[in-house]
Amino acid sequence: MSKSKHISWHGSLVTKEMRQKRNKHKSAVLWFTGLSGSGKSTITVELERKLYQLGIHTYRLDGDNIRHGLNKNLGFTAEGRSENIRRIGEVSKLFIDAGVLALTAFISPYRDDRNLVRALLPSNEFIEIYVKCRLEVCEERDPKGLYKKARAGEIAGFTGIDAPYEAPISPELTIDTEKLSVEEAAQRVIHYLLEKEYLTV
Ligand SMILES: Nc1ncnc2c1ncn2[C@@H]1O[C@H](COP(=O)(O)OS(=O)(=O)O)[C@@H](OP(=O)(O)O)[C@H]1O
Ligand SMILES: Nc1ncnc2c1ncn2[C@@H]1O[C@H](COP(=O)(O)OP(=O)(O)O)[C@@H](O)[C@H]1O
């Protein structure tokens, strides 16, 4: 619901379909979700590199980066995370309208929040990718030392320790980073995009 009743929609003469046609591929959001340290950032960086080489127009939105700018006023309470994901859903929608394949890497721990983003978009434009990895393995990787801090009581409400993570029930794709290498994970996503004809119009 908008806060103001006195707003209207002003359409464009250049449409999403026209942009997709010019880009020679479809646009959608590849929504990566998973625990901290599961591999979301690592995979999206490699995937974007590969897609760029294929001539695909991409843009990567990453939790850590977005929280330095657009969402720097948000914390990690359930409300803060929900607003974070709502905004990223809206930003993804803009990128899709711009004809871009958006790659998002957010923990996005709440199923309802992810489903709100799904509902915001046509069904073929939201591709949920569960980056699966056991907590103990994420904790062992601990690339930023955050689990150590959370265990030491220096970070309250850390996902997987004292804040929940609700795994997707029927994601479009599951990438198990205990079984697949970064290279294999990126290839698996590209295979999906080719199979479902996202990389052509
Ligand atoms: N309390 C708490 N819980 C989880 N993560 C935390 C927390 N505090 C800071 N961080 C760091 O913030 C990154 C997660 O940000 P997100 O925007 O993806 O989180 S969320 O989707 O709103 O839950 C996360 O990055 P990733 O490790 O890449 O997932 C952490 O580096
Ligand atoms: N198969 C894999 N896929 C992705 N990352 C992996 C994999 N195996 C080990 N890693 C390592 O795990 C860590 C994942 O960290 P990161 O990509 O920042 O995760 P996230 O963005 O989900 O927090 C990195 O240090 C990465 O090198």
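I started with the inside: the largest nonpolar core holds 36 residues, and Val29, Leu30, Trp31, Ala102 and Ile129 have the most contacts within it. At least two core residues each come from E1, H2, H4, strand E3 (101-105), strand E4 (126-132) and helix H8 (182-195). For my own reference, a nonpolar core is a set of buried Ala, Val, Leu, Ile, Met, Phe, Trp, Tyr and Cys residues joined through C-beta atoms within 7 Å. Buried means 20 or more other C-beta atoms within 10 Å of the residue's own, exposed means 12 or fewer, partly exposed is in between, and C-beta atoms are placed from the backbone. In soluble globular proteins, nonpolar side chains tend to be buried together.

Housekeeping, before I forget: this is a predicted model, where local features need pLDDT of at least 70 and side-chain atom pairs count only at pLDDT 80 or more, while totals for chains, interfaces and linings use all residues. Residues are numbered from 1 along each chain as its sequence is written, and chains are lettered from A and ligands numbered from 1 in the order in which they are written.

**Trp31**

I looked up the partners of tryptophan 31. Beyond four places in sequence, tryptophan 31 contacts Thr104, Arg114, Val117, Phe126, Ile127, Glu128 and Ile129. Contact here means C-beta atoms, placed from the backbone, within 7 Å.

**Whole chain**

I counted eight helices and five strands, taken as DSSP runs numbered from the N terminus (helices H or I, at least four residues; strands E, at least two). Their order from the N terminus is α-β-α-β-α-α-β-α-β-α-α-β-α. The radius of gyration is 17 Å, which agrees with the value near 17 Å for a compact globule of 201 residues; it is taken over C-alpha atoms, and the globule rule is 2.2 Å times the number of residues to the power 0.38. The C-alpha trace spans about 55 × 45 × 30 Å along its principal axes, and 33% of the 201 residues count as buried. Of the contacts between residues at least 6 apart in sequence, 77% join residues at least 24 apart.

**Ligand 1**

I find 21 residues around ligand 1, with Ser36, Gly63, Arg81, Phe106 and Ile107 the closest. Being in the shell means a C-beta atom, placed from the backbone, within 6 Å. Helix H3 (63-66) and helix H4 (78-97) are the elements giving two or more residues, and H4 has the largest share, three. By class I get nine nonpolar, eight polar and four charged.

**Ligand 2**

Here the shell has 18 residues, and Gly39, Lys40, Ser41, Thr42 and Thr177 come nearest. H2 and H8 each give two or more; H2 gives the most, four residues.

**Annotated serines**

I checked UniProt: its unreviewed entry puts a "binding site" at Gly34, Leu35, Ser36, Gly37, Ser38, Gly39, Lys40 and Ser41.

Serine 38 sits in the loop between strand E1 (28-33) and helix H2 (40-53). Serine 38 is buried because 28 other C-beta atoms lie within 10 Å. Outside four places in sequence, serine 38 contacts Val131, Cys133, Cys138 and Thr177.

Serine 41 is in helix H2. Serine 41 has 19 C-beta neighbours inside 10 Å, so it counts as partly exposed. Not counting residues up to four places away, serine 41 touches Asp62 and Ala105.

Terms used. Nonpolar A, V, L, I, M, F, W, Y, C, P; charged D, E, K, R; others polar. Contact = placed C-beta atoms within 7 Å. UniProt positions renumbered as here; feature names shortened; annotations may be inferred.
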